[in-house]
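Subject: Structure handover

Hi,

Here is the structure for your work. My notes follow below it.

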Amino acid sequence: MSESPRRVYFIAIAGTGMGSLAGLLRARGLEVTGSDSRLYPPMSTALEKWGIPVHIGFRAGHVIGARPDLVVIGNAVRPDNPEALAVMEEGIPYLSFPDALYQLAIEGKHSVVVSGTHGKTTTTALTAKLLDAAGRDPALLVGGYSL
């Protein structure tokens, strides 16, 4: 992206990855909104705590009315999703979740990535806590809800 977005809309915001990225962008001062077919804890609680309004259901008017500079389209979004179709018809800039994650959160930064079968959320949270205690000011993006 040539210019940093100010308003970002997430289609399928309630997944742990999408919701976590939305929260990170909100913490950086961006205006963030979104939609999903269902909303349930812990992500519903987190999005509410972060002050991110969410529409339940997918309607073209949701995304058009938000007037976003950028739309992030989740991996679970089907090609016939009315919001995704409206974004393309209106020519609104959009990114996939992986591209948005890279361009808005990772690019130009030193990253620590945790992978594996078990314990990723806990290990990521502990790593961020250690980096914070060491004065490194980390940004944390975890595919789960970290206390």
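A residue counts as buried when its relative accessible area is under 20%. Thr-124 has 15% relative accessibility, so Thr-124 is buried. Please keep in mind that this is a predicted model.

**Thr-124**

Thr-124 sits in helix H6, which spans residues 120-133. Leaving out residues up to four places away in sequence, Thr-124 touches Val-114, Leu-140, Leu-141 and Val-142.

**Helices H1 and H5**

Helix H1 covers residues 16-27 and helix H5 covers residues 97-106. Their axes come within 11 Å and cross at roughly 25°. H1 is therefore roughly parallel to H5. The crossing of H1 past H5 is left-handed.

Which residues make the contact? H1 contributes Gly-17, Met-18, Leu-21, Leu-24 and Leu-25. H5 contributes Phe-97, Ala-100, Leu-101, Leu-104 and Ala-105. By class, the contact of H1 with H5 has nine nonpolar residues, one polar residue and no charged residues.

**Leu-21**

Leu-21 belongs to helix H1. Its relative accessibility is 0%, so Leu-21 counts as buried. Again leaving out residues up to four places away in sequence, Leu-21 touches Phe-10, Phe-97, Ala-100, Leu-101, Ala-105 and Leu-141. Leu-141 is also among the residues that Thr-124 touches.

One distance for your notes: the C-alpha atoms of Leu-21 and Asp-80 are separated by 24 Å. Along the chain, Leu-21 and Asp-80 are 59 residues apart.

**Salt bridges**

How many salt bridges does the structure hold? There are two.

One pairs Arg-7 with Asp-69. The closest N and O atoms of Arg-7 and Asp-69 are 3.5 Å apart. Arg-7 lies in strand S1 (residues 7-11), and Asp-69 lies in the loop between helix H3 (60-66) and strand S4 (70-73), so the pair ties together parts that are 62 residues apart in sequence. Arg-7 is buried, at a relative accessible area of 18%. Asp-69 is partly exposed, at 24%.

The other pairs Asp-80 with Arg-78. The closest N and O atoms of Asp-80 and Arg-78 are 3.5 Å apart. Are Asp-80 and Arg-78 buried or exposed? Both are exposed.

**Backbone points to check in your viewer**

- The peptide bond from Pro-41 to Pro-42 is cis. Its omega is near 5°. Pro-42 is in the loop between strand S2 (31-36) and helix H2 (43-49).
- Ala-12 is not a glycine, yet it has a positive phi of about 80°. Ala-12 is in the loop between S1 and H1. Its relative accessibility is 12%, so Ala-12 counts as buried.
- Asp-137 is not a glycine either, and its phi is positive at about 55°. Asp-137 lies in the segment after helix H6. Asp-137 is exposed, with a relative accessible area of 67%.

Best wishes

Conventions
Residues numbered from 1 in each chain as written. Predicted model: local features only at pLDDT ≥ 70, side-chain atom pairs only at ≥ 80, totals over all residues. Heavy atoms only, no water. Axes fitted to C-alpha atoms, helices over the stretch in contact; angles between N-to-C directions. Helix = DSSP H or I, 4+ residues; strand = E, 2+ residues; numbered from the N terminus. Parallel < 35°, antiparallel > 145°, perpendicular 65-115°, else oblique. Left-handed = near helix turned anticlockwise from the far one by under 90°. Contact = heavy atoms within 4.5 Å. Nonpolar A, V, L, I, M, F, W, Y, C, P; charged D, E, K, R; others polar. Salt bridge = Lys/Arg side-chain N within 4 Å of Asp/Glu carboxyl O. Buried < 20%, exposed > 50% of the residue type's maximum accessible area, 1.4 Å probe, protein only.
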